[in-house]
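Subject: Structure handover

Hello,

Here is the structure I said I would pass on. My notes on it follow below.

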Amino acid sequence: MRNDILPYNPAHRLRLPRVEPRQQVIPTKEELLRLLDAISQEPVQFRVYFTLAILTGMRRGELAALRWVDIGESHICVSRSRSQVTGIGIVEGKTKNGKTRFVPISASVRQLLIEEYQGYFMWWHTHPDYPYEPVEPTDYIFCG
C-alpha cells in the first residue's frame, strides 16, 4: 500500500450498498405550457430565461454564460458555462462536455430575445440614473 504502512487495503472486501439511480422526471407538454403561461406575466428577464431553458434545454450555467454575441439569426452558440463556486466566486469555463454546440431557436424566441429583452435592457442601461455603459455585444444576457 501507499508508503508501505499497510501490506494490503483493509477495505478491499467492503461491499457498498447498491444505490438505485434516480429516474429523471420530464415535464409533460401540458405542464410546460402551464409554466409558460404562468411566466407570461413576469418581468421580461424571467420570461426570456425560462423560455430559453424550456425550449432549448440549455443548462443553468450555459444560460448564465450567454452573451449577446452568442445569438445568431437562427441559433445560439453555446460554448461556455458560468457558476458560483464556494470560496472562489463566479467561475466561467467550458460547457459540461467541453464542446461548442449550436442550439436552434425559432423566430419567436429570437424576437423575444432581441426585441423585448434587449429593448428593455437598452432602456435600463441608457436610463440617466443607471451607472453603466449601454449594452455591448460581449455583455452577458443574464447578468443579475
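Of the contacts in the chain with a separation of 6 or more, 53% are between residues 24 or more positions apart; contact here means heavy atoms within 4.5 Å. This is a predicted model, in which local features need pLDDT of at least 70 and side-chain atom pairs count only at pLDDT 80 or more, while totals for chains, interfaces and linings use all residues. Residues are numbered from 1 along each chain as its sequence is written, and side-chain values use heavy atoms, with hydrogens and water left out.

Overall make-up

The chain has four helices and four strands, and from the N terminus on they run α-α-α-β-β-β-β-α. Helices (H or I, at least four residues) and strands (E, at least two) are DSSP runs, numbered from the N terminus. The chain has 144 residues, and 26% of them are buried. Buried means under 20% relative accessible area, exposed means over 50%, and partly exposed is in between, using a 1.4 Å probe and protein chains only.

The α1/α2 pair

Helix α1 covers residues 29-39 and helix α2 covers residues 44-56; they pack at an angle of about 165°, with their axes 10 Å apart. The axes are lines fitted to C-alpha atoms, for helices over the stretch in contact, and angles run from 0 to 180 degrees between N-to-C directions. The two helices are therefore roughly antiparallel to each other. On that scale, angles under 35 degrees count as roughly parallel, over 145 as roughly antiparallel, 65 to 115 as roughly perpendicular and the rest as oblique.

The crossing of α1 past α2 is left-handed, a term used if the near helix is turned anticlockwise from the far one by less than a right angle (right-handed if clockwise). On the α1 side the contact involves Leu-32, Leu-35, Leu-36 and Ile-39, and on the α2 side Arg-47, Phe-50, Thr-51 and Ile-54. By type, the residues of this contact are six nonpolar, one polar and one charged. Ala, Val, Leu, Ile, Met, Phe, Trp, Tyr, Cys and Pro count as nonpolar, Asp, Glu, Lys and Arg as charged, and the others, Gly among them, as polar.

Salt bridges

How many salt bridges does a search of the whole structure find? There are eight, where a salt bridge is a side-chain nitrogen of Lys or Arg within 4 Å of a carboxyl oxygen of Asp or Glu. Side chains of opposite charge can pair when their charged atoms come close.

Arg-18 is exposed at 76% relative accessibility, and Glu-20 is exposed at 56%.

Another joins Glu-62 and Arg-59, at 3.2 Å from N to O. In this pair Glu-62 is buried, with 1% relative accessibility, while Arg-59 is partly exposed at 41%.

Arg-67 and Glu-92 also form a salt bridge, at 3.6 Å from N to O. Arg-67 lies in the loop between α3 (60-64) and β1 (75-78) and Glu-92 in strand β3 (residues 89-93), so this pair ties together parts that are 25 residues apart in sequence. Glu-92 is partly exposed, at 30% relative accessible area. Both residues belong to a network of salt bridges that links Arg-67, Asp-70, Arg-80, Arg-82 and Glu-92.

Val-78 is in strand β1 and is buried, with a relative accessible area of 2%. Leaving aside neighbours within four places in sequence, Val-78 is in contact with several residues, among them Met-58, Glu-62, Thr-95 and Val-103.

Ala-65 sits in the loop between α3 and β1 and is buried at 2% relative accessibility. Not counting residues up to four places away in sequence, Ala-65 touches Asp-70, Arg-80, Ser-81, Arg-82 and Tyr-140. Ala-65 and Phe-142 are 77 residues apart along the chain, and their C-alpha atoms are separated by 7.8 Å.

Gln-84, in strand β2 (residues 81-85), is exposed, with a relative accessible area of 61%. Outside four places in sequence, Gln-84 touches Gly-89 and Ile-90. Gln-84 and Gly-61 are 23 residues apart in sequence, and 9.1 Å apart in space from C-alpha to C-alpha.

Regards
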